Amino acid sequence: MDNEKIIIANWKMKLNLQETLELAKSIKAKFKDLKKGEIAVCPNFISLLEVAKILKGGKIGLGAQDVFWEQKGAYTGEISPGLLVEAGCKYVIIGHSERRKFLMENYEIIHKEIKAVLQVEDLIPIVCIGENWDERKTDRRDYVLYDQLQQALSGVDVVGDQKIILAYEPIWAIGSGTAIEPSEAEYAHKIIKLTLNNMFGMEMVNNNFKIIYGGSINPKNVKGFVGLENLDGMLVGGASLDADEFYSVVKAVL
Ligand code: PEP
């Protein structure tokens with residue numbers, strides 16, 4: 001992939017429709033002079049079309065928070081990769097730990113979603129992986145990351161210039177207000193990179209993959225993460241809900 005850093009805002013289900021549109025407008029205005037890097041916002045499903053209109057002509061990309069693994073059919077309540085593209089999305093988050101926790105998503109589902117997204121042109125999956133606190137404190141993180149990558153990506157064909165973003169999100173850090181130590185993130189990103197190299201080859205990993213960190217990043221702690229090896233950007237939850245805070249995070253990274 002290119003060397004541009006990417007910062008993605010995950011707004012979860014934290015805003016109503018009006019708040020979502022106001023935040024999209026503020027962020028578009030704040031970032032109008034953005035010269036480098038890539039920024040994307042992921043609002044809730046029902047705001048996508050309106051946010052796409054707001055972002056049109058600006059520098060901010062649009063992403064969704066989930067996707068279904070079939071392109072069309074009798075799947076009540078689901079949204080296909082093609083529909084997301086029609087709505088203006090360039091990115092989609094897959095396998096967020098909150099979906100694994102509250103909606104029982106497992107790696108079979110995540111695997112199918114990644115494959116479905118890669119079948120559609122111009123939609124980039126942001127695949128979330130990360131250990132929980134129990135796995136962390138019993139020293140199983142490295143294996144968990146390896147295993148999650150295998151389950152999510154084994155047998156996935158990455159062709160041409162298709163892109164995949166891996167988001168390392170230690171579950172215990174998400175929404176906690178405290179990010180992990182940057183050195184720990186650097187170590188985890190190295191495990192991810194080496195596993196991907198093993199699965200896809202170094203050249204493909206360098207060209208087609210990005211590895212980003214997510215978990216309680218804010219304007220104060222972000223500086224510790226700047227310049228880390230194998231860190232291509234950030235997935236930001238809480239701190240992306242305020243245009244000024246998000247701007248400070250982005251400015252520190254770019
Ligand atoms: C997330 O849920 O993807 C996330 C990074 O959230 P927060 O920044 O609030 O920890």
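1. In this predicted model, the mean position of the 30 positive charges of the protein chain lies 5 Å from that of the 35 negative charges.

2. The protein chain exposes about 12,100 Å². Carbon and sulfur atoms account for 51% of that area. Of the 254 residues in the protein chain, 52% are buried.

3. Ten helices and eight strands are found in the protein chain. Its radius of gyration is 17 Å, close to the 18 Å given by the globule rule for 254 residues, so the chain is as compact as a globular protein of that length. The C-alpha trace spans about 45 × 45 × 35 Å along its principal axes.

4. Contacts across the sequence also deserve mention. Where contacting residues of the protein chain are at least 6 apart in sequence, 72% of the contacts join residues at least 24 apart.

5. Helix 2 covers residues 48-55, and its buried residues are Leu48, Val51, Ile54 and Leu55. Viewed down the axis of helix 2, these buried residues fall within an arc of 120 degrees, so they line one face of the helix. The face turned away from the buried side carries the exposed residues Leu49 and Lys53.

6. Two helices and two strands receive the buried residues of helix 2: these pack against helix 1 (17-30) and helix 3 (81-86), and against strand 2 (38-42) and strand 3 (60-64).

7. Gly57 follows helix 2. The phi of Gly57 is positive, near 80 degrees.

Terms used
Residues are numbered from 1 along each chain as its sequence is written. This is a predicted model: local features need pLDDT of at least 70, side-chain atom pairs count only at pLDDT 80 or more; totals for chains, interfaces and linings use all residues. Side-chain values use heavy atoms; hydrogens and water are left out. Helices (H or I, at least four residues) and strands (E, at least two) are DSSP runs, numbered from the N terminus. The radius of gyration is taken over C-alpha atoms; the globule rule is 2.2 Å times the number of residues to the power 0.38. Buried means under 20% relative accessible area, exposed over 50%, partly exposed in between (1.4 Å probe, protein chains only). Contact means heavy atoms within 4.5 Å. Accessible areas come from the Shrake-Rupley method with a 1.4 Å probe; for residues, only the protein chains shown count as cover. Lys and Arg count as positive and Asp and Glu as negative; His and the chain ends are not counted. The place of a charge is taken as NZ of Lys, CZ of Arg, CG of Asp or CD of Glu. The arc is that of the directions from the helix axis to the C-beta atoms.
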